[in-house]
Amino acid sequence: MVMLELDRVNIAVDGRPILHDLNLRIESGETHVLFGPNGSGKTSLLMAIMGLSRYQVTSGTIRFQGQDLAGLSIDERARLGMGLVYQRPPTLRGLRLGELAELCAGKSHSATVNNQAEQLHLGPLLQRNVNEGFSGGELKKSELLQLMLRRPKLALIDEPDAGVDLDSLVLVGETIRKVLEQPAADGVAPAGLIITHTGHILHYLCPTASHVLYGGTLVAHAAGAKILADIETYGYGKCPLCRSQIQ
């Protein structure tokens, strides 16, 4: 089953063209990784897929399980089974993390929320406002707690290894693996699209494929995480898999 498909997609942010001619296909059960230098538009791509208003698809089509997402709001996309982990999630004053977690869990009991929170070492934070005063690692784990409880069909995860200490990175990596291994709410095998700048998260994941976003478009594709070694050795501009498209 095709979970996510981009067909010649062009994206503008606040009316300014950012990304062009994007083609991507992610099947159920697959995990794809997106590399690219700072400012290349990786986050913009995830935001556009999720439907945030600043990010407009100016042409082309984004489909989720065969359904065209054009015109669907963020909450409608979430109800279809899409979930987003922000790199820098907002603080929500007046809403406790435990309350938000229970909303994400839906029909699950509070015991499920407490159990998952304890696994992520977030138990003491359930009574605090969402993300208020959280450390970098706590922010990532707060986002992943919500994602785990929702059991999405498609997980869009933005730089889970950024600003996280080594102890937290182990827990973040293992949690993402669990999210991508557990069946979604309707029993289908979930898919993931993960942005990483450093590649550290790949110590805990085995991606199906990896891609490079450079200069506003996808310039390279490879099976697994092989492309990371080329990027580390040559940089993006001289990466053998990227060079022909960049030039």
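Leaving aside neighbours within four places in sequence, Gly94 is in contact with Glu99 and Asn129, contact meaning heavy atoms within 4.5 Å. Gly94 lies in strand S7, residues 92-96, and its C-alpha atom is separated by 6.2 Å from that of Asn129, a residue 35 positions away along the chain. With a relative accessible area of 70%, Gly94 is exposed; here exposed means over 50% relative accessible area, buried under 20%, and partly exposed in between, with a 1.4 Å probe and protein chains only. Helices (H or I, at least four residues) and strands (E, at least two) are DSSP runs, numbered from the N terminus.

The model is predicted, so that local features need pLDDT of at least 70 and side-chain atom pairs count only at pLDDT 80 or more, whereas totals for chains, interfaces and linings use all residues. Residues are numbered from 1 along each chain as its sequence is written, and side-chain values use heavy atoms, with hydrogens and water left out.

Ser40 occupies the loop between strand S3 (31-35) and helix H1 (42-50), where it is buried, with a relative accessible area of 7%. Its side chain reaches two backbone oxygens, that of Pro37 at 2.8 Å and that of Leu213 at 3.5 Å.

Within S9, Ala155 is the bridge partner of Gly83.

Helix H5, comprising the 15 residues 136-150, reaches 22 Å from its first C-alpha to its last, close to the 21 Å expected at 1.5 Å a residue, where the expected span is 1.5 Å times one less than the number of residues. The helix is mostly covered, 12 of its 15 residues being buried; among them are Gly137, Ser142, Met148 and the leucines Leu139, Leu144, Leu145, Leu147 and Leu149, while Lys140, Lys141, Glu143 and Gln146 are also buried. H5 is followed by Arg151, whose phi is positive, near 50°.

How values were computed:
Polar contact = N/O pair within 3.5 Å; in protein donor to acceptor, adjacent residues only side chain to side chain. Pairing = 2+ DSSP bridges.
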